[in-house]
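Here's a quick tour of a protein fold, written for someone just starting out. Have a look at the picture, then work through the points below.

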Amino acid sequence: MHILRNIFMVIFLLLVSKSVYAKTIQIDFTPDDSFSIEVAHIDVGDTIEWLPNADHNVEFLGGPNMNSLPEKANFNVSYSANFDLPGVYLYQCTPHGNMGMLGLVVVGNNLNNLKEIEEIELSPIAKSVLQRLIIKISK
């Protein structure tokens with residue numbers, strides 16, 4: 001009986017410690033059709049919240065596991081995504097992605113899938129913006 005109680009206690013402490021240390025970062029949309037934080041560095045388990053905007057949304061184009069990318073957000077609603085898998089995530093505003101409205105999320109300082117992110121097919125303008133964002137990661 002004590003073993004079972006100890007197992008439950010360990011699970012409880014792990015869940016509580018994760019929620020205590022996990023943080024939420026808010027990203028807004030700027031008047032210049034960009035994200036207020038273009039490259040977000042977060043820890044595994046953290047959440048990003050994109051604030052509502054009538055003209056913009058969030059759509060993920062790539063990440064460490066293409067089958068587990070967050071869903072595309074609707075317009076004019078607050079949208080949150082929790083990141084439990086380390087790696088680099090590329091996202092865009094759907095109607096403005098071709099104009100370079102992109103953002104990166106780097107989870108756990110893990111750049112293992114950066115090459116795959118660089119190979120995602122984008123418009124020439126968006127590709128140029130992506131290269132600028134990747135340089136920011138390197139600094």
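Three strands line up as an open sheet in the order β1-β3-β5, with mixed pairing. The edge places go to β1 (24-27) and β5 (79-82), and each has a single partner strand, so one side of each has no neighbour in the sheet. From one strand to the next, the twist averages 20°. Angles here run from 0 to 180 degrees between N-to-C directions, using axes fitted as lines to C-alpha atoms.

This is a predicted model, so local features need pLDDT of at least 70 and side-chain atom pairs count only at pLDDT 80 or more, while totals for chains, interfaces and linings use all residues. Residues are numbered from 1 along each chain as its sequence is written, and side-chain values use heavy atoms, leaving out hydrogens and water.

**How the strands pair**
- Strands of a sheet pair through backbone hydrogen bonds, either parallel or antiparallel.
- Two strands count as paired if DSSP finds at least two bridges between them.
- β1 runs parallel to β3 (residues 47-50), with four bridges joining the pair.
- Along that pairing, threonine 24 sits opposite threonine 47, and isoleucine 27 sits opposite tryptophan 50.
- β3 and β5 also share four bridges, but in the antiparallel sense.
- Tryptophan 50 turns up again here, with tyrosine 79 as its bridge partner in β5.

**The whole chain**
- In total, the protein has three helices and seven strands; these are DSSP runs numbered from the N terminus, with helices (H or I) of at least four residues and strands (E) of at least two.
- Starting at the N terminus, the order is α-β-β-β-β-β-β-β-α-α.
- Of the 139 residues, 42% are buried, meaning under 20% relative accessible area with a 1.4 Å probe, counting protein chains only.

**What's inside**
- From β3, Thr47 and Glu49 point one way, Ile48 and Trp50 point the other way, and all are buried.
- The largest nonpolar core has 21 residues, and Phe35, Ile48, Trp50, Val58, Phe60 and Phe83 touch the most other members.
- A nonpolar core is a set of buried Ala, Val, Leu, Ile, Met, Phe, Trp, Tyr and Cys residues joined through side-chain atoms within 4.5 Å.
- At least two residues of this core come from each of β1, β2 (39-42), β3, β5, β6 (87-92) and β7 (102-107).
- There's also a second, separate core of 17 residues, including Val106, Ile120, Ala126 and Val129.

Conventions:
Buried means under 20% relative accessible area, exposed over 50%, partly exposed in between (1.4 Å probe, protein chains only).
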